[in-house]
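Dear colleague,

I am handing over the structure we spoke of, with the sequence alongside.

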Amino acid sequence: MDKLIIEGGVKLKGTIPVSGSKNAALPILIACLLAQGTVRLTNVPRLRDIFTTLKLLNILGCETTFEDNTVTARVTGLKPEAPYELVKTMRASVLCLGPLLGLLHEAKVALPGGCAIGARPVDLHLKALERMGARFILDSGYIHGICGGLIGARIVFDFPTVGGTENLLMAASVAKGCTILENCAREPEVVDLANFLNACGARICGAGTSVIQVEGVRQLSACEYRVMPDRIEAGTYLVAGAITDGELKLVDCPLDELDALVSKLREMNVLVERQEDGTVLVRRGGELLGVDVTTQPHPGFPTDMQAQLMALMCVASGSGSIQEKIFENRFMHVSELGRMGARINLKDRTAMVRGVPQLVGAPVMASDLRASASLVLAGLVAQGTTEVARIYHLDRGYERMEEKLSAVGARIRREKE
Ligand code: UD1
């Protein structure tokens, strides 16, 4: 296992390129199962979750290549079973239920694992697919679904689930008739998936709003598509610029998708501005101030930026609070930040953060993807050395993180544990 060693206290200066979005690339790759011919996807980040998805595609009968940041995918003969060895490492595998049921009328997918941030059931995916005619049984840790062909339906999600909306978009694209999805997730990654499916010939309207209409088509055909830039990676580097009191420029930063974060950063006294050359500049505009934040489905504040913003609040003046409304157990970074001198009081789903003048480096342990990022950010500003262990989580979601940070002056290196 690898760890990151960070010597804190350097003001980061320079330019960081933003990679393609992991959370958009994952469903788009799985949607390749639906297309006839060879799909070509560009701007795909080279991350562990992407390699896992490519393995999954191979097992399901889709041949892939991955060079630089371009994936090609071609279905040669679909198979219905996604084995536990793969699914346990990545919850997004459950997204193949929709395409497999749509095309093969059968799917056998292990119950997912992924980040340990709460129970994360898939009941909403199953309930919605049942409305389209699928039937499920749980068999030795596998969800086994069958149907006699999916049929369009009106489906109202109990909660705007991102994965659930994506699964149903794929299923409905090849179902018989029209599907209306209500109370859908409005995340930009849902829109990117819908754009990809439409480029393959699907007929989806309304993605990005809470009501999406899908007219099923007989078959989809391959296309070429560029995956959107990663708004969470971009947001993490915006915080990196602010926390180190540096000045960073981000290339390919999807600023329009970052409204909720940027407005909180501005409240904290951080300047975030689009430059004439298209890059996004971040630096402090004065003393950092605490803020109150509540995570919400998009366009609210993203849960995937909660841990990173908390690291920033740890070194702000005064106090602030973070309420986590999406996942019940997403505060594992709190005790680790505490080991670095942060003053955070946790009660139920709310963290009260009182800023301290200085964090102090310490050995800490990453527990999930975004928690790992928050510990790296804290390490960048802490006095002395921070060792972040178990960074395999980080490798699931940040492409070349230590390389990108080193290039703007951070003293950060990877070592074997
Ligand atoms: C996706 C993102 C993840 C992000 C999350 C919320 C990917 C690969 N992952 O995860 O990074 O943190 O959106 O923005 O895109 N829920 C149920 N039943 C279900 C489905 C969800 O109870 O069937 C609950 C979950 O436990 C959770 C909440 O709904 O509490 C949100 O989950 P969801 O929006 O589905 O997140 P994911 O798609 O898993």
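The notes below cover the ligand site and then the salt bridges.

This is a predicted model, in which local features need pLDDT of at least 70 and side-chain atom pairs count only at pLDDT 80 or more, while totals for chains, interfaces and linings use all residues. Residues are numbered from 1 along each chain as its sequence is written, and side-chain values use heavy atoms, with hydrogens and water left out.

The ligand is surrounded by 18 residues (a residue is near if one of its heavy atoms lies within 4 Å), and these divide into 8 nonpolar, 5 polar and 5 charged (Ala, Val, Leu, Ile, Met, Phe, Trp, Tyr, Cys and Pro count as nonpolar, Asp, Glu, Lys and Arg as charged, the others, Gly among them, as polar). A polar side-chain atom of D123 lies 2.6 Å from a ligand nitrogen, and a side-chain N or O atom of T161 is 2.6 Å from a ligand oxygen.

As for salt bridges (a side-chain nitrogen of Lys or Arg within 4 Å of a carboxyl oxygen of Asp or Glu), the count comes to 20. One of them joins D2 and K416, with N to O at 2.9 Å; D2 lies in strand β1 and K416 in strand β26, so the pair ties together parts that are 414 residues apart in sequence (strands are DSSP runs of E, at least two residues, numbered from the N terminus). D2 counts as buried at 19% relative accessibility, whereas K416 counts as exposed at 66% (buried means under 20% relative accessible area, exposed over 50%, with a 1.4 Å probe and protein chains only). Both belong to a salt-bridge network that also links D395, E402 and R414.

Best regards

Key: A polar contact is a pair of N or O atoms within 3.5 Å; within protein, one must be able to donate a hydrogen and the other to accept it, and residues adjacent in sequence count only if both atoms are side-chain atoms. Helices (H or I, at least four residues) and strands (E, at least two) are DSSP runs, numbered from the N terminus.
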